[in-house]
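I opened the model to look up a few things. My notes follow in the order in which I took them.

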Amino acid sequence: MTKLLKPIFTLLLLALAYPHTSDAKGAKEETYLSQEDFLTQTFNEGVPTPKALWLTKSVKPTVKEILGHDYPAARIRYWRDGNRSAWILEEIGKVKPITTGIVVEDGKIARLKVLVYRESHGWEVKYPFFTDQFKETELTEKKRLNKNIDGIAGATLSVNALKKLSRLALYFHQVTEPKDSEK
Amino acid sequence: MSPAAKRKTPLRRGPGRALLRWHRRIGVALSAIFIAICVTGILLNHTVDLDLDNKRVEADWIYKWYGIEPEGELVHYKVDEDSISHFSGNLYFNTDLIAPSGVLKGVASLAPFHLALTGSSLAMISREGELIESLSGSSLPAGTAISIHSSETGRAILETSEGFFRADADLLSWEKLETPLAPSFINASEAAPDLEAALVASFRGEGISWNRVILDIHSGNFFGPIGKWIVDFSALCLIFLTLTGVWYTTKYLKKARERALSK
């Protein structure tokens with residue numbers, strides 16, 4: 001009897017000793033372009049002094065309408081030189097924020113670049129074949145993009161996050177547009 | 001040979017005897033598992049009566065077992081009447097979660113807001129506990145951030161591997177200080193036990209219900225993937241025990257009837 005019991009009890013002990021942790025795959029944070037390089041590439045004649053856009057009561061509702069939630073900060077830093085502005089914004093794809101640099105010129109997106117990607121899936125959104133679709137995109141009156149952006153199979157959440165950020169950058173560009181008297 | 005010995009002989013040799021032997025072995029070896037499955041099964045049948053869904057587990061070892069365990073030490077700074085802490089990868093203002101962050105290197109208190117230097121970023125936190133902005137990369141001076149202070153004039157002073165830098169009032173630009181000012185420090189302090197308990201509770205969120213634990217023990221998932229297979233194996237063994245038990249009982253009753261008829 002003990003010959004049979006020994007292996008069974010050993011198996012049970014092994015099962016108890018087995019580490020019961022979640023199977024969370026460690027998503028690696030990848031930086032594709034630093035903020036400094038993004039800004040240097042955006043403003044050839046020198047990076048302008050940053051400005052801050054405070055998300056006041058007049059701005060917050062539209063931000064919430066675009067994102068579906070509040071932006072997780074009370075102010076946004078941006079760089080502006082004439083009609084060209086640069087925004088470094090973050091939005092969660094599935095569980096982690098995607099840091100994206102967006103350049104808006106004359107109310108149209110001039111460049112969209114994924115700077116830091118932290119999710120385990122959906123990293124295809126970093127490729128130019130996807131990000132180039134945003135070029136020349138404008139914001140409609142309903143705060144939506146005027147062009148259709150083709151998605152990527154398996155990266156729907158990341159695609160949606162970038163669409164939201166592009167709408168947000170276009171909206172922020174509108175909000176921070178210098179009034180005629182300031183020009 | 002006595003009549004009793006004659007009756008025993010066929011049992012010892014036949015396949016029935018071997019089955020009986022396995023019936024006993026398996027029964028003894030897996031008895032603890034059978035009891036655990038039965039007891040947890042009874043409890044699960046009364047989940048609503050016992051309110052197991054709403055009763056939260058308090059035992060630390062169960063959270064550790066589930067991998068819900070805070071990582072690293074609690075780093076705490078007392079700023080005026082408030083607390084800024086770093087706990088398990090998150091930055092907290094009192095007991096409110098601000099954002100995920102790197103390790104808290106220091107805090108400074110300026111008139112309109114607090115500053116928390118975490119990893120390689122600097123969090124601006126309003127006095128109400130709202131994250132104003134998280135400064136990193138090009139928004140900070142060159143070099144690796146070492147510590148954050150406030151000057152006598154209420155400006156933020158950031159020490160990096162490249163030297164000391166002073167921010168403007170809005171923290172939008174930095175200027176390098178050739179002669180460092182006398183910065184004021186806020187030293188880390190020990191968090192009050194109730195704050196630490198609140199942070200642990202915040203980290204755990206809703207926690208784990210007893211229903212989940214009992215269900216996991218019942219299904220074997222509590223012991224990981226191997227546990228599930230052991231419970232599956234035990235279930236098959238239980239079927240085997242039932243069938244052999246029924247077979248033996250039938251056989252015994254048949255023999256008992258034959259014996260009664262032969263008398």
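**Salt bridges**

I began with A:R75 and B:E133, whose side chains meet in a salt bridge of 2.6 Å, N to O. A:R75 lies in strand 3 (residues 75–81) of chain A and B:E133 in strand 8 (residues 131–135) of chain B, so this pair joins two chains. I looked up the cover next: both A:R75 and B:E133 are buried. I note here that the model is predicted.

I then asked how many salt bridges the structure holds over all chains. The count is 13.

My next entry is A:E177, which forms a salt bridge with A:R80, with 3.1 Å between the closest N and O atoms. This pair links distant parts of the chain: A:E177 sits in the segment after helix 5 (156–175) of chain A, A:R80 sits in strand 3 of chain A, and 97 residues separate them. Is A:R80 buried or exposed? A:R80 has a relative accessible area of 7%, and the limit for buried is under 20%, so A:R80 is buried. A:E177 has 30% relative accessibility and counts as partly exposed.

I also looked up A:K108 and A:E136, whose side chains meet in a salt bridge of 3.8 Å, N to O. A:K108 is in strand 6 of chain A and A:E136 is in the loop between helix 4 and helix 5 of chain A, so the pair ties together parts that are 28 residues apart in sequence. A:K108 is partly exposed, at 30% relative accessible area. A:E136 is partly exposed too, at 48%.

**Strands of chain A**

I turned to strand 5 (residues 97–105) of chain A and found it mostly covered, with seven of its nine residues buried. Which way do strand 4 (residues 84–92) of chain A and strand 5 of chain A run? They run antiparallel and are joined by nine bridges. A hairpin of four residues connects strand 4 of chain A to strand 5 of chain A. A:S85 stands opposite A:V104 in strand 5 of chain A.

Strand 5 of chain A is also joined to strand 6 (residues 108–117) of chain A, by seven bridges, and these two run antiparallel. A:V103 stands opposite A:R111 in strand 6 of chain A. The hairpin of strand 5 and strand 6 of chain A has two residues between the strands, and A:D106 there takes a positive phi near 50°.

**Two residues of chain B**

I looked up B:Y92, which is in strand 3 (residues 90–93) of chain B. B:Y92 has 1% relative accessibility and counts as buried. Beyond its neighbours within four places in sequence, B:Y92 is in contact with several residues, including B:F87, B:I98 and B:F203. B:L199 is 107 residues from B:Y92 in sequence, yet their C-alpha atoms are 8.2 Å apart.

B:N211 is in helix 7 (residues 210–219) of chain B. B:N211 counts as buried at 14% relative accessibility.

**A surface patch**

My last entry is a nonpolar patch on the surface, formed by A:W123, A:Y127 and A:F129, with about 330 Å² of accessible area together. A:F129 lies in helix 4 (residues 128–131) of chain A. A:F129 is exposed, at 54% relative accessible area.

Conventions:
Residues numbered from 1 in each chain as written. Chains lettered and ligands numbered in written order. Predicted model: local features only at pLDDT ≥ 70, side-chain atom pairs only at ≥ 80, totals over all residues. Heavy atoms only, no water. Patch = residues over 30% accessible without salt bridge, like charges linked within 9 Å, V, L, I, M, F, W, Y side chains within 5 Å. Areas by Shrake-Rupley, 256 points an atom, 1.4 Å probe, with all protein chains shown as cover. Salt bridge = Lys/Arg side-chain N within 4 Å of Asp/Glu carboxyl O. Buried < 20%, exposed > 50% of the residue type's maximum accessible area, 1.4 Å probe, protein only. Contact = heavy atoms within 4.5 Å. Pairing = 2+ DSSP bridges.
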